[in-house]
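Here is a friendly walk through one model, from its strand pairing to its nonpolar cores. Have the viewer open as you read.

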Amino acid sequence: MAFVPSTSTGYEHDRRTWLVVHPKGVVGRLDGDRLVFPTDEEVSALGVATTEAYRLGTLDGTDVVTAPWPDPSRRVPAPFEPHGLRSLAAFLDGDLFGVVGRAMHTCDWLTTSRFCGRCGAATARVDGERCVVCPSCALRVYPRISPAIITLVRKGDLALLASNAKFPGVFYSTLAGFADIGESLEETLVREVKEETGVSVANVRYFGSQPWPFPNSLMIGFTAEWVGGEIAIDPTEISDAKWFAADALPMIPPPLSIARKLIDAWIADVTRR
Ligand SMILES: [Zn+2]
């Protein structure tokens, strides 16, 4: 069965799927190669305040409920432990993987909007809408979704891939960057590619998109074509960038990411001809 999102706070089922979000990942315990989430009783025993619980929707006859881990400095007691989203791909099907991403993004929003940014009063949740409201000045705060472009730049049959300065040499991936105020996504793309690699691009085409809850991005994927410039990297952003041929690739990102889908689509295109 598929996950059905909901903004209603009322429970529809007797059973709950608890997604407790610690800064290092979602809290669960491994049972063989299965990830098991805590029960109602275990959630209470873990010290999670059920008043903090936020209902995301329904999945397989359960209400999916998320709550932030109460104290980031407190360890998660065994047998439970936090599991980062990237490591969860092996344990969860695509549906539940997406739901865990929603939980992480939701808890980031809940923990950063407890108080009104305009007047400082404690906010209250709104039933029927993904929103909190300030009872004092009526400011409404919706989850922040930060749009970022991600692009595979082509030069003939070659693709421009870069290694991130934060993870130098781990793998080479497509270029990405956040939209700035007042920019179209096309303008973001041209600016980011120029800033990070010194290369000028054109013929920007939409590819697809993917929520990326680290902590609140939406990655919007494009392809683009080189029109000029030699590679000159910005070392604060990336450690290396090169033009790669499809038959001589470095380590690339794992499946499930839109970066990998962009790379796979390019490989399929150049090897077809
Ligand atoms: Zn206010």
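## Terms and numbering

Two strands pair if DSSP finds at least two bridges between them. Strands (E, at least two residues) and helices (H or I, at least four) are DSSP runs, numbered from the N terminus.

This is a predicted model, in which local features need pLDDT of at least 70 and side-chain atom pairs count only at pLDDT 80 or more, while totals for chains, interfaces and linings use all residues. Residues are numbered from 1 along each chain as its sequence is written.

## Strands around β5

In β6, Thr-62 is the bridge partner of Leu-59. β5 (residues 54-59) also pairs with β1 (residues 4-5), antiparallel over 2 bridges, and there Val-4 stands opposite Thr-58.

With β6 (residues 62-68), β5 pairs in the antiparallel sense over 5 bridges. The two form a hairpin with 2 residues between them, and Asp-60 in the turn has a positive phi of about 50 degrees.

## A three-stranded sheet

An open sheet runs in the order β8-β9-β10, with antiparallel pairing. β8 (124-125) and β10 (140-141) each have a single partner strand, so one side of each is left without a neighbour in the sheet.

## Nonpolar cores

A nonpolar core is a set of buried Ala, Val, Leu, Ile, Met, Phe, Trp, Tyr and Cys residues joined through C-beta atoms within 7 Å; buried means 20 or more other C-beta atoms within 10 Å of a residue's own, with C-beta atoms placed from the backbone.

The largest core has 30 residues, and Ile-150, Val-153 and Val-201 are among those touching the most other members. A second, separate core of 20 residues includes Phe-37 and Met-104.

Key: A residue is buried if 20 or more other C-beta atoms lie within 10 Å of its own, exposed if 12 or fewer, and partly exposed in between; C-beta atoms are placed from the backbone.
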